[in-house]
Amino acid sequence: MKVTLVRHGQTNYNLKGLCSEKPGEHVHLTTKGKQQVKTLAKKLESKSFDVIYVSRLYRTLQTARLINEFHGAPVVEDGRINDRYTGFDSRPLSEFHAAIRHDPFHARPSGGESLEDTKERVSRFLKTLQQQQYERVLVVTHSIVVKLLLLNIEG
């Protein structure tokens, strides 16, 4: 199985430096984010995908839809590849980073997930994916999830 990992394009919350973890259209791709994805979509145009997995956050669905204009693959939402649940939704990312500074891997501020929790969730997704019979898979998710998937894949 060949897996292509993609982070969503730039969002309005990226520009504001805010945490975002709740589904909904309030966090969406910016004009620049859409252009980033269209540029990537052209690069992926010659590839084929059996399925596209996205998180349950709207920005990944927007990204997948733009890429999928060239493919027509089924799109499957999976909450296991959602962004890390920080407990700081719509609050500055700097506040979250300050809250976990003492223990970035295990801290669960404001009832959020630890990085270890996120890693375990992403690992469960990957184990399920490995049991599928797909040849080519596109996963549209978030930067931390891409990094955790790569760590799992590369051992």
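Ser-90 sits in the loop that runs between β3 (75-77) and α4 (93-100). The model is predicted. The aromatic pairs number three.

**Positive phi at serine**

- Most residues other than glycine have a negative phi.
- Ser-90 has a positive phi, near 65°, although the residue is not glycine.
- The loop between α4 and α5 (115-130) holds Ser-110.
- Ser-110 is partly exposed, with a relative accessible area of 46%.

**Aromatic pairs**

- The count of aromatic pairs is three.
- Tyr-53 and Phe-125 make an edge-to-face pair, with 5.4 Å centre to centre and 80° between the planes.
- Tyr-53 belongs to strand β2 (residues 51-54) and Phe-125 to helix α5, so this pair ties together parts that are 72 residues apart in sequence.
- Tyr-53 is buried, with a relative accessible area of 9%.
- Phe-125 counts as buried too, at 1% relative accessibility.
- Phe-88 and Phe-96 form an edge-to-face pair, at 5.8 Å centre to centre and 65° between the planes.
- Both Phe-88 and Phe-96 are buried.

**Ring cluster**

- Tyr-53, Phe-125 and Tyr-134 are linked into a cluster by ring pairs.

Note on methods. Residues are numbered from 1 along each chain as its sequence is written. This is a predicted model: local features need pLDDT of at least 70, side-chain atom pairs count only at pLDDT 80 or more; totals for chains, interfaces and linings use all residues. Side-chain values use heavy atoms; hydrogens and water are left out. Helices (H or I, at least four residues) and strands (E, at least two) are DSSP runs, numbered from the N terminus. Buried means under 20% relative accessible area, exposed over 50%, partly exposed in between (1.4 Å probe, protein chains only). Rings of Phe, Tyr and Trp (its six-membered ring) pair if their centres lie within 6.5 Å; planes under 30 degrees apart count as stacked, over 60 as edge-to-face and the rest as tilted.
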